[in-house]
Amino acid sequence: MTSIDHGPAAGDTAAPAAHQDAAPVPAPAMPVSERVLRVLIPLVMLAMLIGLWAWYVAAYNIPKYILPGPNLVAQSLVNDWPILGMALLVTLKITFAALAIALVGGVSLAILLTQSKWIELALSPYMVILQVTPVVAIAPLILIYAPSTQAALLICAWIVAFFPVLSNTTQGLKSTDHNLLNLFELYGASRWQTMIHLKLPAALPYFLAGLRIAGGLALIAAVVAEFAAGSAGAGSGLAFRLLESQYRLNIPRLFAALILLCATGVVIYGATSLISHLLLRRWHESAIRREN
């Protein structure tokens, strides 16, 4: 006699649905030992490089006006901090102001370009020309027409930081899944509803990649613009302090200013990377931690 399969019992009907709706199991957290190694290895490498630097200067008796030892650089960093700190503050103001304007302008223009192909055709060549023209070449013109030297430095830094945000955000807006676009169109979503609820979230990883690039470029452009402008005085940034130290053969201060610039660049990159991780860690493939 063949048995008849009556299907799942009434109490079991919810089991498949519950299994399907279960949240995915998150990947295990990073072990503490791995976290420690991620911090410890770069610090050990830095200590080895500083030790090699100190040994080389002492072993070959290098004069301080050619290559100062790390102790002289650290001493100059402490003693000259009132001067270097004010210069660093000026450079940071220009950097972050240029980055903020680049973010607002780049995202706004990217949205405008993706809304109309005619606007994109009209503006794209000029944006490319603005990007490929060296800022050092146009800095003298900006200095002539800008109302002040600080405004000229801000414009130069903005020009360099603007294009990565614009190009990455535009690429992200254009890379939205066409199936989702068709779904929004099927449900009668307006153009701006589609932009806010679909295209902008889809473009977020691209925008954050542009933010990381623009953060470093804004700092570089602020320094290069100050070199080109030749600004001097109490309100000058680290670029002027570098030139001043070179002219006076105060090489320890020059190295101290370089270390401040490098540390600032690392902090900016770390901050933008942290922002990217916090915004993407729960849903984007580039930030989700997996077992394999």
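In this predicted model, Gln115 sits in helix H4, which covers residues 81-115. Its relative accessible area is 16%. The cut-off for a buried residue is under 20%, so Gln115 counts as buried.

The secondary structure of the protein chain consists of eleven helices and zero strands. Read from the N terminus, the order of elements is α-α-α-α-α-α-α-α-α-α-α. The protein chain has 292 residues, and 32% of these are buried. Contacts across the sequence were also counted. Of those between residues at least 6 apart, 70% link residues at least 24 apart.

The surface was examined next. The protein chain exposes about 18300 Å². Carbon and sulfur atoms account for 69% of that area. A nonpolar patch lies on the surface. Its members are Val32, Val36, Leu37, Leu40, Ile41, Val44, Met45, Met48 and Leu49. Together these residues have about 860 Å² of accessible area.

Ile41 is part of helix H2, which spans residues 32-59. The relative accessibility of Ile41 is 54%. Exposed residues are those over 50%, and Ile41 is therefore classed as exposed. Gln115 in helix H4, by contrast, is buried.

Conventions. Residues are numbered from 1 along each chain as its sequence is written. This is a predicted model: local features need pLDDT of at least 70, side-chain atom pairs count only at pLDDT 80 or more; totals for chains, interfaces and linings use all residues. Side-chain values use heavy atoms; hydrogens and water are left out. Patches are made of residues with over 30% relative accessible area and no salt bridge: like charges are joined within 9 Å, nonpolar side chains (Val, Leu, Ile, Met, Phe, Trp, Tyr) within 5 Å. Accessible areas come from the Shrake-Rupley method with a 1.4 Å probe; for residues, only the protein chains shown count as cover. A salt bridge is a side-chain nitrogen of Lys or Arg within 4 Å of a carboxyl oxygen of Asp or Glu. Helices (H or I, at least four residues) and strands (E, at least two) are DSSP runs, numbered from the N terminus. Buried means under 20% relative accessible area, exposed over 50%, partly exposed in between (1.4 Å probe, protein chains only). Contact means heavy atoms within 4.5 Å.
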